[in-house]
Amino acid sequence: MKRRAIEFKIDGITVKGSAGQTVMDVADQAGIYIPRLCDVEGLEPQGSCRVCTVKVDGRPAAACTQPAAHGIDVINNTPEILSYRRDLIKMLFQEGNHLCSICEASGRCELQAMAYRLGIMEPAKYPYLQPVRPIDASHPDILLDKNRCIRCGRCIRASQQIDRKNVFGYIGRGINKRVGVDGRNLADTDVDVNDSAVAPGTCPVGCIIMKRIGFHEPIGQRKYDNAPIGSEIEKTRSGRGKE
Amino acid sequence: MKKRIATVSLAGCFGCHMSLLDIDERILDLLKVAEFDRTPLKDLKKFTKRCDIGLIEGGCCNEENVHTLQEFRNNCDVLVAVGACAIMGGLPVMRNAIMNSEDPLRECLEEAYMNSPSVYNATNDIPNDPALPLILDKVYNCSEVVKIDYQVPGCPPSGDTLWETLTALIKGVPADLPYGLIKYD
């Protein structure tokens with residue numbers, strides 16, 4: 001069955017999609033990048049990080065879960081929304097222990113790349129929580145440093161939706177919400193090194209780390225060293241109208 | 001009038017100062033518009049005049065760091081936290097991970113001077129000379145101690161990043177760094 005074609009505007013640019021897509025899907029197709037952390041190609045969106053917040057007809061909504069509709073007016077790139085996104089990214093930095101200088105994910109970390117893209121330089125706005133969460137090195141090939149976890153749930157969804165397992169899951173609520181494993185530790189679960197849940201690119205930060213391959217990409221050649229996150233989507237811009 | 005710049009390394013590794021020297025021959029251009037006051041580059045340990053710009057490397061891990069930082073705040077118009085340690089504590093802040101222990105300072109010192117596998121300490125002494133500044137209960141970043149006006153991320157920030165920041169600050173505007181110069185590592 002062919003889906004009904006729809007047309008709406010993102011920052012004044014007319015974009016075309018079909019009913020059933022999300023605002024994020026249509027924006028990606030049109031080459032308009034909406035920043036996101038918890039949403040990733042291939043997994044069901046869950047709308048939890050709120051970095052992709054846009055205004056749809058004046059109301060804030062998470063672009064990754066918001067259904068696209070004909071004639072809506074989406075605002076993505078304004079000083080107000082950018083400042084809101086910067087605050088979210090700063091809070092994620094301040095909730096965990098993000099020591100980029102010693103993190104193996106540095107240079108390919110999406111949290112770091114998002115901070116670069118949003119130009120975060122100014123003094124810390126919130127106090128650092130400096131959590132003390134145990135490191136799980138039980139598995140022979142995989143290490144979990146939950147001090148870097150941003151609770152995006154990408155590993156949880158990859159495990160459930162692609163691997164058809166339940167290796168990871170949420171525990172607790174609110175500020176105590178964290179990602180746990182289905183067992184005493186990671187070695188106690190049925191995780192496999194080839195699972196999507198632990199594949200590179202699933203964890204946006206340096207929480208899920210493959211042992212023995214750290215720092216294999218030289219500085220200057222890492223994923224986000226030269227091009228900002230999202231530029232791969234912006235390269236394909238096909239939308240018409242004013243920039 | 002030349003701008004006066006002061007710099008200091010607190011709980012840092014002097015990497016940010018080395019990076020400042022990475023501006024290479026541009027230091028001659030810098031000295032046309034600015035002069036250094038208190039800085040380890042000149043081995044000048046006291047302020048001679050009020051300064052326009054203070055560059056802070058490192059956070060605070062002992063009482064001397066706190067006194068020095070407060071002195072910089074009192075003597076500088078604009079205070080810039082340079083590098084990961086000044087901004088968020090950097091590597092020294094990893095010591096805060098044991099702060100939930102019953103006696104965190106003892107545990108920290110015993111780990112460093114007695115129990116660590118690579119330590120050779122025949123007398124099992126922990127340094128306690130009265131001349132040594134007292135270690136703080138945990139490592140604090142600069143903005144937890146004084147008001148910080150700008151921060152330059154990086155571990156260390158590159159020479160180019162520091163050059164862009166300094167030239168902008170000397171002109172009296174915040175630096176607008178291009179993508180490639182904002183780095184956290």
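Predicted model: local features only at pLDDT ≥ 70, side-chain atom pairs only at ≥ 80, totals over all residues.
Residues are numbered from 1 along each chain as its sequence is written, and local features need pLDDT of at least 70, while side-chain atom pairs count only at pLDDT 80 or more.

In chain A, the domain assignment, which is automatic or taken from a database, gives domain 1 (5-77) and domain 2 (106-210), and the C-alpha centres of these domains lie 25 Å apart. Contact, meaning heavy atoms within 4.5 Å, involves 14 residues of domain 1 of chain A and 15 residues of domain 2 of chain A. The buried area, which is the accessible area (1.4 Å probe) that two parts lose on being put together, summed over both, is about 1,100 Å² between these domains, with carbon and sulfur atoms giving 61% of it. On the side of domain 1 of chain A, the most area is lost by Leu37(A), Leu43(A) and Gln46(A), which together account for 51% of what that side buries.

In chain B, strand 5 (residues 76-82), a strand being a DSSP run of E with at least two residues, is largely enclosed by the rest of the structure, because five of its seven residues are buried, that is, under 20% relative accessible area with a 1.4 Å probe and protein chains only. Strand 5 of chain B pairs, which requires at least two DSSP bridges, with strand 3 (residues 51-57) of chain B in the parallel sense over six bridges, and Val82(B) is the bridge partner of Glu57(B). Strand 7 (residues 150-152) of chain B also runs parallel to strand 5 of chain B and is joined to it by three bridges, with Gln151(B) standing opposite Ala81(B).

Conventions
Chains lettered and ligands numbered in written order. Heavy atoms only, no water. Buried < 20%, exposed > 50% of the residue type's maximum accessible area, 1.4 Å probe, protein only. Helix = DSSP H or I, 4+ residues; strand = E, 2+ residues; numbered from the N terminus.
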